[in-house]
Amino acid sequence: MDNQIKKCSGCGVVLQEDNMLQEGYTTSLDNDVCQRCFRMRNYGEYQVVAKSNEEYMKILESVAKTKDLVLYVTDLLNLEEDILKIREFIPNKMILVLNKKDVLPKSVKEEKIKKYFEENKTFFDEIIVISVEKNYNIDCLLKCIKRLQTTRNVYVVGHTNAGKSTLINKLIKNYATSNEKELTMSPLPSTTLSTVSIEINEYLTLIDTPGLVDMSSMMNYVDTKMLKKMSPKKEIKPKTYQLKKDQSLVIEDLVRIDYKEGDKNSFTVFMSNDLKIKRFFHPNHEELKEKNKTRYELKYDSDLVINGLGFVKIVNKGTIDVYVDQNISTFIRNSLI
């Protein structure tokens, strides 16, 4: 078969058997997956592939030229700072899919999450909270797709590691009539390298797209071992620290938060349970102070978001200094929880 038309069923890249150093390499064009996907699935070996966003933008532009329904999948633990930015590229009907509810504490109710996004209802045709891992609200999502789809094609878009491919695999498992295709999943960014079409049944074909790479996310600047540690595998057990002025929190060797001004305050960390957190009196410690510093003046009930890592809920107003690598973005929002 012509290697220009056969694609990897796992990540969508064009298969080739000429150069093992280039993406899409396979030992034989009779195979359905590339060597990279094969080794990820069978041996847990991960290989980073750097992809620019230029190709992704072209894909979004092509989606915008259709009238097809779009699923915009995002990770509840790592919501984008501007979740509406996708509307600059795609005017299509769109469902906002808030994924990974299972990693948030069970005490956080779906109604409270949806209420947080009510102000954005005019930008999305539907907002739905799901957990692929727990099969939560997947039936509701399918019903919503049926109600809003304009053709049989439905595009799945979002940032890397939001869970797009995992969601599609769940839809295949739950509803596909005969398709045995499975997308490759891993904790690494850029697992899907090109568009992949999956026929679920006679009325629905899902089209997976490469994740938009957020170059300000911490996920792009840590090794595989730390990436796995950062990625929650089960429900987060929030850790709450009562900080006084001049006390600090340090999370691994990734981020430092100094409480500079304010009354005694509550800092609740919503991040992977595997991460180590230290508290100390900061005038006596220089740890991580070589990193880039940003000062924030907090109002009541704010979240400090560290892109790719999670967030810290801070109850009272005050002043904090945040030290993190200069490539990684942080921002303040109203408390999600």
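**A tour from Asn137 to the cores**

Start by selecting asparagine 137, in the loop that runs between β3 and α4 (138–148). The model is predicted. Asparagine 137 is not a glycine, yet its phi is positive, about 65°. Most residues other than glycine have a negative phi. Is asparagine 137 buried or exposed? Its relative accessibility is 16%, under the 20% cut-off, so asparagine 137 counts as buried.

Next, select leucine 288, in the loop between β11 (277–281) and β12 (292–298). Leucine 288 also has a positive phi, about 70°, without being a glycine. With a relative accessibility of 8%, leucine 288 counts as buried.

Now turn to the largest nonpolar core, which has 34 residues. Select Tyr72, Ile86, Leu96, Leu98, Ile113 and Phe117, the residues with the most contacts inside this core. At least two of its residues come from each of α2 (53–64), β1 (69–75), β2 (94–99), β3 (126–129) and β4 (153–157). The largest share, four residues, is supplied by α2.

Within that group, centre the view on isoleucine 113. Which residues does isoleucine 113 touch, leaving out those up to four places away in sequence? They are Leu76, Leu98, Leu104, Val108 and Val129.

Finish by colouring the chain by pLDDT. The mean is 86, and 89% of the residues reach 70 or more. Residues 46–50 stay under 50, with 13 contacts in the model beyond four places in sequence. Residues 183–193 are also below 50; this stretch has 61 contacts beyond near neighbours in sequence. Where pLDDT is low, the predicted coordinates should not be read in detail.

Definitions and conventions:
Residues are numbered from 1 along each chain as its sequence is written. This is a predicted model: local features need pLDDT of at least 70, side-chain atom pairs count only at pLDDT 80 or more; totals for chains, interfaces and linings use all residues. Side-chain values use heavy atoms; hydrogens and water are left out. A nonpolar core is a set of buried Ala, Val, Leu, Ile, Met, Phe, Trp, Tyr and Cys residues joined through side-chain atoms within 4.5 Å. Buried means under 20% relative accessible area, exposed over 50%, partly exposed in between (1.4 Å probe, protein chains only). Contact means heavy atoms within 4.5 Å. pLDDT is the predictor's confidence in each residue, from 0 to 100.
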